[in-house]
Amino acid sequence: MALKDTLLRIFTWWSGSTVSLDFYTKRRGSFVGEDEFGNRYYRAQGPLIDASVGSERRWVIYNGYADASKVPPGWRGWLCHATDVAPSEETYVPREWQKPHEENLTGTVAAYRPRGSQLSYGQRPAATGDYVPWVPGE
């Protein structure tokens, strides 16, 4: 590993896991599962933080850039303690009308840009001519 990669792992959190998170995961973490995007999920028992959540800590190590919209709904519910059973421990079959999870593409090249948007391709539609600007005092 190059010096640059080592420094990035020490001082940045948005490009994967940090050295301290790797250390904590190896020391206390128990692997729970992995989703279809390569994100890895862990749990550990620790001191009581919140009575409504309990003493179990849950976290994710992202595959690549850290973005919460990369977490599928089932895993998101487990991370937030909305469900007790992790998706890797249950047999859930999605219905035929359910779409597969997609991360938030806002700010990327693949983002949705409707017709008429300044960022969309093609020609912007011409103005209709029915616009009358507001003039103070009228």
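This report walks through a nonpolar surface patch and the salt bridges of a predicted model.

Leu 3, Leu 7, Ile 10, Phe 11 and Val 19 together make a nonpolar surface patch of about 520 Å². Helix H1, which covers residues 3–11, supplies the largest share of that patch, with four residues.

## Salt bridges

Side chains of opposite charge can pair when their charged atoms come close. In this model the count comes to four salt bridges.

One of them joins the side chains of Glu 34 and Arg 40, with 3.3 Å from N to O. Glu 34 has a relative accessibility of 43%, so it counts as partly exposed. Arg 40 is also partly exposed, with a relative accessible area of 33%.

## A buried network

Now turn to Glu 56, which forms a salt bridge with Arg 43, their closest N and O atoms being 3.0 Å apart. This pair links distant parts of the chain: Glu 56 sits in strand E3 (residues 54–61) and Arg 43 in strand E2 (residues 40–50), 13 residues apart. Both Glu 56 and Arg 43 are buried.

Glu 56 also meets Arg 58 in a salt bridge, at 2.5 Å from N to O. Glu 56 counts as buried because its relative accessibility is 16%, and Arg 58 counts as buried at 14%. Through shared partners, salt bridges join Arg 43, Glu 56, Arg 58 and Glu 89 into one network.

Key: Residues numbered from 1 in each chain as written. Predicted model: local features only at pLDDT ≥ 70, side-chain atom pairs only at ≥ 80, totals over all residues. Heavy atoms only, no water. Patch = residues over 30% accessible without salt bridge, like charges linked within 9 Å, V, L, I, M, F, W, Y side chains within 5 Å. Areas by Shrake-Rupley, 256 points an atom, 1.4 Å probe, with all protein chains shown as cover. Helix = DSSP H or I, 4+ residues; strand = E, 2+ residues; numbered from the N terminus. Buried < 20%, exposed > 50% of the residue type's maximum accessible area, 1.4 Å probe, protein only.
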